[in-house]
Amino acid sequence: MKIDGRCHCGEITFEAEVDPDALHICHCTDCQTLSGSAFRANIPAPAEHFVLLSGTPKIYVKTAESGNKRLHAFCGTCGAPIYSSAVENPQSYGLRAGTIRQRAHFSPRRQIWRRSALPWVDALTGVPATEQG
Ligand SMILES: [Zn+2]
Ligand SMILES: [Zn+2]
């Protein structure tokens with residue numbers, strides 16, 4: 001499906017094509033820190049259909065425990081994470097679901113790095129909730 005997205009301040013906008021059933025949830029500690037949240041929701045977009053329409057993301061290259069390097073792009077003004085990719089010649093972009101306008105249409109296919117999942121993530125349905133703020 002064709003999707004489009006933007007960072008919070010709107011400086012960076014993009015469009016891409018994704019499989020809406022390809023969303024994955026990453027519970028790794030790097031994703032927790034880099035997203036500032038409990039886990040990260042990513043959806044892969046093939047490079048040939050990913051187009052940056054405006055803005056130039058700031059780049060952070062993360063070195064994993066394994067020594068693998070991964071490029072992380074985010075908005076230098078509002079800080080919203082946009083994607084991660086291979087450092088050189090990326091074949092696909094891991095888009096951050098929260099920046100995509102059509103994100104409610106995605107379904108998670110799998111969770112990875114469950115060993116570092118926060119202990120309460122599966123108990124959220126039982127937590128008192130309000131529809132707004
Ligand atoms: Zn921004
Ligand atoms: Zn991760």
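1. Basis of the note. The model is predicted, so that local features need pLDDT of at least 70 and side-chain atom pairs count only at pLDDT 80 or more, while totals for chains, interfaces and linings use all residues. Residues are numbered from 1 along each chain as its sequence is written, chains are lettered from A and ligands numbered from 1 in the order in which they are written, and side-chain values use heavy atoms, with hydrogens and water left out.

2. The zinc site. The zinc ion (ligand 2) has Cys26 (SG), Cys28 (SG) and Cys31 (SG) as its protein donors, at 2.1 to 2.3 Å, and along the chain these donors follow the spacing C-x1-C-x2-C. Donors here are N, O and S atoms within 2.8 Å of the metal (3.2 Å for Na, K and Ca), and because water is not among the atoms, sites may look incomplete. Cys26 counts as buried at 4% relative accessibility, and Cys28 is also buried, with a relative accessible area of 11%; the term buried means under 20% relative accessible area, exposed means over 50%, and partly exposed is in between (1.4 Å probe, protein chains only).

3. The open sheet. An open sheet is formed by 3 strands in the order S1-S2-S5, with antiparallel pairing. Strand S1 (2-6) and strand S5 (51-54) stand at the edges, each with a single partner strand, so one side of each has no neighbour in the sheet. From one strand to the next the twist averages 25°, where axes are lines fitted to C-alpha atoms, for helices over the stretch in contact, and angles run from 0 to 180 degrees between N-to-C directions. S1 pairs with strand S2 (residues 13-17) over 5 bridges in the antiparallel sense, and Lys2 stands opposite Glu17 in S2. Strands (E, at least two residues) and helices (H or I, at least four) are DSSP runs numbered from the N terminus, and two strands pair if DSSP finds at least two bridges between them.

4. Further strand pairs. S3 and S4 are antiparallel and pair over 3 bridges, with His24 opposite Asn42 in S4. S4 is in turn joined to S9 by 5 bridges, again in the antiparallel sense, and Gly94 in S9 is the bridge partner of Pro44.

5. The largest pocket. This pocket holds about 650 Å³ of space, and of its 25 lining residues the closest to the centre are Cys26, Cys28, Asp30, Lys62 and Trp113. Elements that give two or more residues to the lining include strand S3 (23-26), helix H1 (29-35) and strand S4 (40-46). A pocket is an open set of points on a 1 Å grid over the protein atoms alone, where a 1.4 Å probe fits, with protein on both sides within 12 Å along at least five of seven lines, and lining residues have an atom within 4 Å of a point. A volume is the space filled by probe spheres set on the points, which are joined across faces, edges and corners.

6. Two single residues. Ser116, in the segment after S10, counts as buried at 18% relative accessibility. Glu88 has its place in the loop between strand S8 (81-85) and S9 and is exposed, with a relative accessible area of 68%; Glu88 and Arg70 are 18 residues apart in sequence and 9.2 Å apart in space, C-alpha to C-alpha.
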